[in-house]
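Please examine the sequence and the model shown below. The paragraphs that follow lead through helix packing, individual residues and backbone geometry.

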Amino acid sequence: MIDYPEFASMVQSKLPDEGIISCTSPSNIALVKYWGKRPVQLPENASVSFTLDQCKTETSISYKKRDTVGEDFDFELFFEGKSKPDFKPKIQIFFQRVEKYLPFLKHYRFVIKTSNTFPHSSGIASSASGMSALAYCLMQLERKIHSEITDSELLQKTSFLARLGSGSACRSIEGPVTVWGAHADINGSSDAYAIPFPFEIHQNFKNYQDTILLIDKGEKQVSSTVGHDLMHGHPFAKERFEQASKHISKLKEILISGDMDAFIQIVESEALTLHAMMMTSLPYFILMKPNTLSAIHKIWKYRGTAGSKICFTLDAGANVHVLYPESEKKQVLEFITNELVVYCQNGQYICDKIGLGAKIV
Ligand code: DP6
């Protein structure tokens, strides 16, 4: 593992005895997708996302100093009020990866309680909000131990730690737009953590809306981790990573200039390319459902006839994120209820918009 001395920390003799910290952290939706990584949790290409507002994880950690420092981590995990031993291995791996940056971890017994504002198994990635919320809580404890850490250092280290839990999680700490991955056109960008988009975003994108059509709430057949892995030896990997890099350069200019047509082209191309990578890997797989395609065709038709700037993007699943400017909210919501809800499982969809990232509660 590459060493990052800037994020190192020391255990101090005076650790707080016990306490509780609560925070929320949102999910995010990538505009330029992260798909393909190298050890440990480093992206093959830079990605850009909108941080969401309503789809979030609420996490609290109670911490109590142990009588003696343990050999192992000591934590219990509750998800929506119930003990969740099957979530523990992921947290265990996360703790192992971050221990050298948070050396107090084995000094405490933790009780972690977590819940999501979005329905369980809605197909909305909970790893981004969940891992970013956990990293944010742990950094609040780090701040109690090392009070000299500045706000910007804290945010950067939180993103760094969240990445080690789940790549996309590092983009949820701040908002409204973040960039993860070193890119020549984005000053200060890094493979190790995400940064807020370092330019003024055009008014057209302020309060951008994201209505998530819950097309299929079933378990995914292929996890993101397996999908990332299939980019190793993928016949189009090199071209894909180059394309993503060009898309970042273009998207940077678009977010500054407010060119909505160019935005639509990049965002939809990214969504379809992500799924094209899945369809052309070995083994190949398809995460879209027939209703995903039906919704996309309806969106295209509406855009053509209504002169709207609506567009869609996709995550690693069947759900469709419908993106549109705040100025079109009323008409687009009418279109969604009249024409897209039929494609949603049990008629379910979530109205979200871009937001500002993790918060203490
Ligand atoms: C398709 O961040 O879930 O949502 O790093 O293995 O936890 P891990 O993967 P994850 O991958 C997200 C992939 C994506 C695109 C994106 O969010 O950029």
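Is the crossing of H1 and H2 left-handed or right-handed? This model is predicted, so local features need pLDDT of at least 70 and side-chain atom pairs count only at pLDDT 80 or more, while totals for chains, interfaces and linings use all residues. Residues are numbered from 1 along each chain as its sequence is written, and side-chain values use heavy atoms, with hydrogens and water left out.

Two packed helices are described by the angle between their axes and the distance between the axes. Here, helices (H or I, at least four residues) and strands (E, at least two) are DSSP runs, numbered from the N terminus. Axes are lines fitted to C-alpha atoms, for helices over the stretch in contact, and angles run from 0 to 180 degrees between N-to-C directions. The axes of helix H1 (residues 88–98) and helix H2 (residues 126–145) come within 12 Å and cross at roughly 50 degrees. H1 and H2 are therefore oblique to each other; angles under 35 degrees count as roughly parallel, over 145 as roughly antiparallel, 65 to 115 as roughly perpendicular and the rest as oblique. The crossing of H1 and H2 is right-handed, a term used if the near helix is turned clockwise from the far one by less than a right angle, with left-handed used if anticlockwise. Lys90, Ile91, Phe94 and Phe95 of H1 make the contact with Ser127, Met131, Leu134, Ala135 and Leu138 of H2, where contact means heavy atoms within 4.5 Å. By class, this contact of H1 with H2 has 7 nonpolar, 1 polar and 1 charged residues. Ala, Val, Leu, Ile, Met, Phe, Trp, Tyr, Cys and Pro count as nonpolar, Asp, Glu, Lys and Arg as charged, and the others, Gly among them, as polar.

A second pair is formed by helix H5 (residues 237–257) and helix H6 (residues 260–279), whose axes come within 10 Å and cross at roughly 160 degrees. That angle makes H5 roughly antiparallel to H6. The crossing of H5 and H6 is left-handed, and the contact of H5 with H6 has 8 nonpolar, 4 polar and 3 charged residues.

Individual residues can be considered next. Thr158 lies in helix H3 (residues 151–165) and, at 0% relative accessibility, counts as buried; buried means under 20% relative accessible area, exposed over 50%, and partly exposed in between (1.4 Å probe, protein chains only). Not counting residues up to four places away in sequence, Thr158 touches Ala135, Tyr136, Met139 and Ile173. Ile296, in helix H7 (residues 290–306), is also buried, with a relative accessible area of 2%. Ile296 and Leu340 are 44 residues apart in sequence and 9.4 Å apart in space, C-alpha to C-alpha.

Most residues other than glycine have a negative phi, and most peptide bonds are trans. In this model, a cis peptide bond joins Pro39 and Val40, with omega about -15 degrees. Val40 lies in the loop between strand S2 (37–38) and strand S3 (42–43). Gln41, found in the loop between S2 and S3, has a positive phi of about 60 degrees although it is not a glycine. Gln41 is buried, with a relative accessible area of 7%. Asn346 also has a positive phi, near 50 degrees, but Asn346 is exposed, with a relative accessible area of 64%.
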